[in-house]
Structure formats: C-alpha cells, structure tokens
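Biologist: Please take me through this model and tie each label to the rule behind it.

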Amino acid sequence: MARQVLHPPKERLRVVGQSVTRHDAVDKVQARTLYAADWEMPAMLHGVVLRSPYPSARIRRIDPSPAQALPGVAAVLLAPDVPHNTLWTDVPGQTSEVGALRARIHVLADGLVRYQGEPVALVAAETRDLAQQAAELIVVEYEPCAGVFDPAAALQTGAPNVHDEGNLLASWRIRRGDPEAALARAAVVVEGTYRCQFIDHAYLEPESGVAWIDSDGVLVIRVSTQVIEHFRAVAEVLGLPHNKVRVIGPYVGGGFGGKEDVTVEVFLGLLVWRTRRPVKMTWTRQESLLARPKRHPFVLRYRTAATREGELVAQAVDLLADSGAYAYLSALVLMYAAVTAAGPYRVPHVSVQARVAYTNNPPTSAMRGFGAMQMVLGYESQMDRLARRLGIDPVDLRVRNALVKGDRLPIGQELDTHAAVAETARRAWEALGPRPSASTPAHRVGRGLACNMQPYGRIVWLHDWASAWVGFEMDGSLVVRTGTPDVGGGQASSLCQIAAEVLGLDVGRVSIHIADSALTPLAGTTTATRQLYMSGNAVLQASTVLRQQILEVAARMLETPAAVLEMREGAAVAPHGPRVALAAVMKECARLGVSRSALAVYHAPAGDPIDLERGGGRVFPDYSFGAHAVDVEVDTETGHVRVLRHVACHDVGRAINPQSVEGQIQGGAVMGLGYGLMEEVVLDRGVNLSTLFATYLIPSSLDVPDVEPLIVESGEGKGPFGARGIGEPPIGPPAAAVANAIEDAVGVRITELPITPERVARALGLFRDP
Amino acid sequence: MNERAITFTLNGRPREVQVPAHRTLLDVLRDDLGALEVKEGCGEGVCGTCTVLLDDEPVSACLVLIPRVAGRRITTVRGLGEGEALHPLQEAFATHGAAQCGFCIPGMLLTAYAYLRDHPTPSREEIRRAIAGNLCRCTGYVKIIDAIARVAEGRAGRG
C-alpha cells in the first residue's frame with residue numbers, strides 16, 4: 001500500500017505554480033543552445049548511412065572497395081564489421097527485461113533488407129560530401145523479393161514472411177464480463193470501423209550526434225535523444241563494458257517519441273571505434289522521413305452496446321496494427337492501445353482483441369500518445385454515434401458514463417486518483433460559448449467533443465525509478481544534477497522550480513545539470529509522460545531530505561527547533577523573524593561536517609506482470625484525463641474543413657509551471673489536428689512517397705486556430721505536489737473531436753484519417769465514383 | 001573546384017569566404033563561418049528554420065547559393081540584440097513561453113523582426129499569416145503569436 005502523500009495547498013506554494021520564464025528559453029531565444037548538430041570536435045570525420053532502396057530484397061553482393069579507394073574516406077563498415085550486429089529494441093536497461101517482448105533489429109542489414117531505408121553500410125570521411133559520395137560508390141546488388149504491405153494480408157496464410165518466426169508480432173486480449181451476451185441483448189448497438197495512418201514525428205531538429213573517444217578511453221556520444229541510457233545498447237553492439245560508453249544528451253530540438261529508440265548513436269560508436277577519430281552524423285530531413293520509425297496505423301473495429309437511457313453495457317474492440325519491418329516498441333504500443341481501448345468510461349462487459357503484424361513497410365514505434373491516442377478516434381466516434389442514435393446530448397452521454405475515482409478499468413485496475421472525465425468534458429464544451437454562424441451559404445458549422453485517457457509513467461512491472469542529486473554551494477546557491485533529457489517541454493526548468501520551492505530560493509539561484517550518463521544520477525527516459533512525475537518526485541525527495549539536514553544546522557544557529565523553521569528568500573527563518581542566511585548555514589555545515597547535498601531515488605509504484613485477459617491488476621501507475629471541444633466549418637463545395645475554435649481541457653493535478661502546461665496542451669492539440677486533418681506518410685507497396693517536407697505536411701500557423709487551454713488542478717496525481725503528466729495527453733482528442741464536429745455540421749461520418757478535403761467531399765457525394 | 005571569393009557582411013562584420021559557387025549560404029554560415037545559430041530543418045526551403053535576413057528580407061539560407069550574397073548584408077539572430085541586451089522580440093519570446101524545443105526560434109524571430117519593421121501594428125491574423133513560412137512542431141504557434149503581438153502593442157503604446 002503506497003503511503004498517502006499530503007501536498008501543500010496551492011496558496012502556500014511560492015515557486016511551484018508560477019509561470020516562471022524558463023532558463024533554457026532565455027538561451028534559446030539567443031540561439032546559445034548548442035543542439036547535437038552544433039557540436040564540433042578537432043579533426044572530426046563525418047558519417048553517413050547507405051540505405052536500401054527496396055522494401056524487400058536479398059543482398060547478393062556488396063563491394064565496398066570503390067568507396068574505400070576514394071581519398072578522404074576513413075572507414076566503410078558492413079554487417080560483418082559490426083562486433084554484435086543486434087540491437088535489442090526493448091526498453092533499455094535500467095528496468096527489468098520484458099521477456100518474450102524482446103525484439104531485435106540488425107544494426108546493419110545482413111543478407112536481407114526488410115524495408116526501404118534500412119541501413120546497409122556506414123561511411124566516415126573527411127567531409128560530409130565526401131562521405132556521401134563514397135556511400136554512393138558502394139556496389140550493392142539486390143535481388144528484389146516478394147513483400148507484404150498490409151497487416152491483414154500479412155496474417156493470411158501464404159503471405160511472405162517478413163521474419164522467420166511469422167508475421168504476427170504480438171497480440172493481447174482483454175476480457176471483462178460477458179460482452180457477447182451483453183451485445184446480444186442490448187437495446188442499442190453501434191458498430192464502426194475506423195482507420196488511422198502512418199505519420200511522422202517531424203521534429204524540426206533532424207537526428208544528429210557527435211562521438212569521440214575521450215582521454216580516459218571512454219567512448220562519449222553527444223546525441224539528440226530522449227534516452228541517454230542507450231549507452232548500454234552501444235556498448236553491447238561494440239562488445240565494450242557498459243561503463244566504457246557515456247552518452248551526453250544536449251537540449252533536444254523536439255522528440256515526440258521519435259528519439260526514444262536508438263538513432264545515430266550506435267552508428268557513431270562503430271565509426272569512432274574503427275577510426276579512433278571523432279565523428280559527426282546528422283541525418284537529412286529526407287532521410288529522417290524515409291527511414292525513421294513512424295506512428296502505428298491501426299484498423300479499429302468497435303461494437304458498442306448501451307441501454308436506451310444511454311448507459312454503456314459493452315464494448316467489443318478488435319484492433320490490428322502495422323509494425324512495419326521490425327518490432328521496435330510495437331508490442332508495448334499495442335498494450336497501451338488495448339488497455340485504453342474501451343475509453344474513459346465505465347463499461348461492465350468488455351472484450352479487446354489486439355494484434356500487430358510485421359510488414360515490409362517502414363517500422364513503427366513510439367510516438368506521443370503511444371497506441372492510446374489512436375484509440376480515441378474509435379471510442380469517441382462511437383460515443384457520438386451512440387448519442388445521436390439515442391437522441392442524448394453528447395456531453396450528457398459522456399458524463400453519465402464517465403470513469404470516476406474508485407472505478408475499475410477493464411483490466412481490473414482501480415483508479416485511485418481523481419478522474420476528471422465529466423468535469424473536463426463539461427468545461428471544454430461550455431467554454432465554446434454561442435455557436436458561430438457559417439461564413440457563406442456554402443459552409444456549414446458544427447461542434448464536436450472528444451474525451452480521452454492517457455497513461456503517465458511506465459508499465460508497473462518495469463519497476464521504474466529516477467534519481468536526482470541536490471546540493472548547496474557555499475554561497476547558498478543550489479545545484480541539481482539529474483539524468484533527465486530535456487526535449488523542449490521544460491523538463492529541466494520544472495525541476496528547478498520544485499527544488500526552489502522546497503528550499504526557499506528564487507528559481508534563478510538554481511543551476512541544473514542534466515542528461516549525462518556518466519555524471520548525473522540516472523533518471524530514465526523522457527518518454528511515457530513520465531519525466532515530471534519521476535524526476536520531479538526524485539528532486540522533491542532529495543530536496544526534502546536536504547532541507548531537513550540544513551534546517552537542523554540552522555536550528556542550532558538560531559536556537560530554535562528545526563520543526564518551526566522555514567526556508568525562504570535564501571535564508572532559514574524562525575517564526576518571529578530571526579533568520580540566518582544560507583551562506584552562513586553552509587559555513588556552519590562545513591565546520592560541523594554536515595552534508596550539504598542529498599541523493600534520492602524515487603521508485604514508482606511497482607507490480608508484477610498481469611495476465612491482461614484475466615485482469616485483476618495494475619498496468620500503469622495512473623492516467624491523465626481530458627476533453628477537447630471544437631467548432632469547425634465545412635465547405636460543402638470542396639470538403640475543406642477549418643477548425644474555428646478549439647478548447648482543450650486537461651486535469652494536470654497541479655501545474656508546476658502553468659505556462660509550460662499551456663504550451664504542452666496547445667502544441668499537443670495542434671499536433672493532434674495535424675494528425676486528424678492533414679498528415680500522412682503515403683506508401684506505395686512499401687515505397688515511401690512522403691520523403692520531403694514539401695510532401696509531408698505538418699500544420700503551419702495558418703492551418704490551425706489559437707488553441708485555448710483550460711487547466712484543471714485536481715491536486716490529485718502521483719507526481720510532485722500532486723502533478724499528473726501532460727506531455728502526451730493533449731494529442732489524443734483532436735482528430736475525434738473534429739470528426740464528431742463534421743458529422744454535426746454536414747451529417748456525414750468520416751472514419752478514416754487524415755480527414756482531407758477529398759475524403760469529406762467523397763462522403764458528401766461530391767464525386768461520382770466510377 | 002570552381003572556388004571564388006565572396007565578400008559580404010555578417011551581422012555588421014565584413015566576411016570573406018573562398019568557396020565553390022554551388023555551396024549554399026546555410027552551409028557556408030554553419031560550416032565555414034561557425035554561425036551555428038542558423039539551424040537546418042529540412043534543406044529544401046519548406047520549414048523556415050534556417051531563415052536569415054538577406055539585406056533586410058527573410059530568406060531560407062538553404063535555398064540561397066553563396067554567390068547571391070556577394071556584397072550584401074546577412075543578419076542572423078545574433079544580429080538582433082544590442083550587445084548582451086535582448087531584442088524586445090527575444091525578451092517577449094522568452095517570457096511568453098514561445099520557445100519550447102527552441103529549434104525553430106532563431107528563424108521565427110528573424111521573420112517576426114522583418115515583419116514588424118514593415119508592419120508596426122499588425123492584427124493577430126496578420127501575424128499568423130506572416131509566420132506561416134516558419135514551422136514549429138512544439139507550441140501550436142499561440143505563444144509565438146502572443147509574443148509578437150505583445151511587442152507590436154508595446155510599440156504602438158509608445159506611439
């Protein structure tokens with residue numbers, strides 16, 4: 001049983017809860033931040049990757065000699081040159097293994113290529129141009145093979161096997177009650193099939209890093225990553241002890257899950273180890289779009305049953321996802337999908353069957369929302385159809401079925417913190433105010449709502465932990481050290497606020513050192529909406545311990561019991577005014593030999609793996625809940641959809657930095673609108689047709705409205721001061737909210753993403769199909 | 001290699017480079033002149049990340065071949081503030097939370113700077129149009145537009 005944590009009331013907080021200007025923002029507006037590609041080393045080489053042009057082919061012959069002969073080429077590496085040519089793509093090492101879910105990829109293709117863009121060879125040369133020229137000189141003879149490009153086709157008997165063990169990568173079943181019987185006798189059943197697409201993370205900073213062998217013989221890799229602990233993966237590939245590889249994570253130019261898996265770091269390690277010289281590798285945008293893992297497309301089949309009064313009785317869901325050519329994190333993405341597929345509602349009878357299959361498409365892996373976000377189109381389209389069928393207000397239907405604290409999810413997990421589904425739905429809807437009128441007689445306006453749930457924190461049987469060190473300098477300034485990568489969400493600055501709050505300092509008196517696997521206490525990944533929750537708790541814990549140490553010394557100096565002392569304005573303060581400055585306390589600490597620092601390890605609530613089908617347990621520590629409401633205008637002559645208003649309401653427990661929270665909500669919502677309305681990686685039998693920013697379109701400022709964030713602070717979350725994670729949740733609702741608003745406007749139901757003008761026009765009957 | 005000497009000013013300082021004519025301004029700025037404040041986002045002129053001012057106009061440095069800048073003025077984000085002091089746009093971007101990952105920000109600031117110079121009192125919709133060529137994947141643009149609007153209001157307020 002977890003200890004009940006009591007958080008101070010909001011009014012008593014001085015730094016937490018303030019929209020302080022982030023220290024990294026001040027650096028970034030001056031372009032002082034040195035991103036991965038901005039790093040240089042003396043005598044640095046440049047690395048490039050040669051990639052397969054075919055989605056499925058046998059490599060009959062590779063001849064690197066023309067490349068090797070080019071002056072200025074320092075190394076050409078093929079699969080046999082890689083000491084251990086296997087990269088384990090399960091969650092990295094700080095956690096326990098995932099058993100059967102371990103998934104392999106080859107570092108370099110060995111005999112077979114399984115997707116277009118698969119790495120085949122590496123080159124390091126004196127300049128990038130030379131390296132590129134050399135890569136093009138490598139002779140590779142391919143024999144194209146039959147491939148499979150659709151997950152349903154991949155599961156048919158006789159389909160070409162992408163891997164020897166067959167094309168079914170993973171499947172999960174969840175079962176609660178008797179859904180078939182409930183469906184059979186229900187008053188109303190709504191059925192729907194939904195499809196969502198491959199999309200790309202499209203962070204503005206392409207993958208990049210620089211690596212070198214330091215004077216102590218340690219391989220150092222400074223790389224744009226969400227996971228500095230991939231140093232272990234690099235060590236295993238090279239056959240080095242784990243403690244001889246160090247990853248430094250600079251401030252990242254956007255991650256969104258795309259820098260969760262290994263990118264350039266293993267290639268850099270191989271090239272540096274071979275050449276014994278520093279190497280830089282930066283992928284082009286086109287290479288990133290071609291070859292990096294994408295978001296999983298799903299086919300979602302829903303049958304939803306309810307009473308005439310609108311009480312949900314059953315949800316039967318069949319999910320099929322495309323893993324592309326390698327497993328990466330597909331099995332886990334699918335688990336997130338399965339666990340959340342019934343939506344943020346009380347449903348007594350549930351069945352979920354979820355499968356993910358290999359194809360010769362680009363691999364799919366982590367992206368903001370990680371399987372759970374794709375489900376929102378399914379369950380929220382169903383809720384709207386049900387409301388329409390029953391003649392019930394869409395908000396009322398959701399409120400009536402909303403999960404609340406104490407309810408159990410279909411897997412059996414009891415919700416032990418506030419679940420703000422009803423409240424966020426109402427608030428988002430009401431905030432839209434009066435309905436707008438259409439701009440021309442050819443336009444129709446409509447309003448739509450979508451709620452969602454998104455786990456924060458990693459699966460409980462991964463035994464997640466994060467550590468942080470907090471210490472005072474002699475002048476009373478504070479240092480925080482933690483392995484947290486900052487991907488732009490304000491991860492580092494929020495940790496400074498937490499330490500400043502506990503230790504009574506101005507946030508400007510705190511310096512933070514992050515994301516160095518050798519020098520900062522490890523804090524795990526900046527993924528899974530876990531970093532504020534995990535590192536935040538570690539910093540809170542370390543700061544609290546340190547506070548006690550310092551106050552005991554101050555108590556002697558002030559001859560006042562430590563229990564009644566406060567820390568504020570850089571001093572320890574007694575109730576009636578006497579105070580001692582922190583610098584003086586530090587001197588006294590030094591004299592007494594009392595430590596001026598504390599290291600803490602925060603362990604998330606852990607549990608054993610559960611059988612999802614039988615249920616009875618916890619999969620995730622907790623969930624964030626929210627709702628978005630939109631007004632759209634549909635052009636009935638072209639099918640074009642414009643979002644006029646967008647209100648996004650989320651319970652964040654406690655907003656550590658409200659401005660950063662708003663930024664997460666606005667940015668996530670806009671990314672969700674891109675997914676809903678415009679983005680798609682278009683593939684033609686495994687050949688990627690969206691390898692330019694000119695063909696892969698993300699929202700510009702003209703494509704989206706000003707998203708209005710509404711922050712609910714329930715005070716109940718498992719993070720520091722009762723915070724809940726907010727990184728991923730806002731991307732979930734927009735696509736479904738827009739689809740619901742379109743039906744409200746023009747009476748047609750769009751079930752496939754992205755909702756392009758063509759799809760809407762087709763649904764409106766504007767095309768005469770042959 | 002067909003190299004030639006090109007002279008231009010970078011943030012007010014005269015510079016000369018000896019480079020092949022097919023090199024882009026972006027590559028020369030980053031690789032030859034160490035102007036690492038100019039970021040590369042796509043290399044195909046779509047994202048606006050590498051925006052610099054050529055004389056007074058924002059351009060994508062990845063689309064400008066180096067001979068085109070001969071005798072002209074290049075301004076990067078480093079040319080905006082005065083000494084250590086932040087330009088009001090930089091200040092507003094920082095305090096409004098307009099920078100998340102920050103990668104698009106150097107280019108975004110220059111586009112905003114050039115726009116406000118020519119359009120001192122824009123509406124919110126006009127600002128939205130002005131930055132449409134600079135993509136941001138983090139913020140949803142709201143706080144960027146807020147920051148630009150605030151600077152414009154400040155100027156209007158000063159008359």
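Modeller: In chain A, 80% of the contacts between residues at least 6 apart in sequence join residues at least 24 apart. Two residues count as in contact if their C-beta atoms, placed from the backbone, lie within 7 Å. This is a predicted model, in which local features need pLDDT of at least 70, side-chain atom pairs count only at pLDDT 80 or more, and totals for chains, interfaces and linings use all residues. Residues are numbered from 1 along each chain as its sequence is written, while chains are lettered from A and ligands numbered from 1 in the order in which they are written.

Biologist: What percentage is it in chain B for contacts between residues at least 6 apart in sequence?

Modeller: In chain B, 57% of such contacts join residues at least 24 apart.

Biologist: What does the secondary structure of chain A come to, and what makes chain A as compact as a globular protein of that length?

Modeller: Chain A has 18 helices and 30 strands. Both are DSSP runs numbered from the N terminus: helices are H or I with at least four residues, strands are E with at least two. The globule rule is 2.2 Å times the number of residues to the power 0.38, and the radius of gyration is taken over C-alpha atoms. For 770 residues the rule gives 27 Å and chain A has 27 Å, so chain A is as compact as a globular protein of that length. The C-alpha trace of chain A spans about 85 × 75 × 50 Å along its principal axes.

Biologist: How do you know that the radius of gyration of chain B agrees with a compact globule?

Modeller: A compact globule of 159 residues would have a radius near 15 Å, and chain B has 16 Å, so the two agree. Chain B has five helices and five strands, in the order β-β-α-β-β-β-α-α-α-α from the N terminus. Its C-alpha trace spans about 50 × 30 × 25 Å along the principal axes.

Biologist: What makes helix H9 (residues 330-340) of chain A mostly covered?

Modeller: Eleven of the eleven residues of H9(A) are buried. What covers them includes strand S9 (168-176), strand S16 (312-324) and helix H10 (372-390) of chain A. In helix H12 (residues 421-431) of chain A, the buried residues include Val421(A), Glu423(A) and Trp429(A).

Biologist: Why is H6(A) called oblique to H7(A)?

Modeller: Helix H6 (residues 231-238) and helix H7 (residues 265-275) of chain A pack at about 45 degrees, with their axes 9 Å apart. Axes are lines fitted to C-alpha atoms, for helices over the stretch in contact, and angles run from 0 to 180 degrees between N-to-C directions. Angles under 35 degrees count as roughly parallel, over 145 as roughly antiparallel, 65 to 115 as roughly perpendicular and the rest as oblique. The angle of about 45 degrees belongs to the rest, so H6(A) is oblique to H7(A). Among the residues that make the contact are Val234(A) of H6(A) and Trp273(A) of H7(A).

Biologist: What makes H2(B) oblique to H3(B)?

Modeller: The axes of helix H2 (residues 88-95) and helix H3 (residues 105-118) of chain B come within 10 Å and cross at roughly 130 degrees. By the angle rule, H2(B) is therefore oblique to H3(B). The contact includes Phe93(B) of H2(B) and Leu109(B) of H3(B).

Biologist: How many residues does the contact take from chain A and from chain B?

Modeller: It takes 39 from chain A and 38 from chain B. On the side of chain A that touches chain B, H16(A) supplies the largest share, seven residues.

How values were computed
A residue is buried if 20 or more other C-beta atoms lie within 10 Å of its own, exposed if 12 or fewer, and partly exposed in between; C-beta atoms are placed from the backbone.
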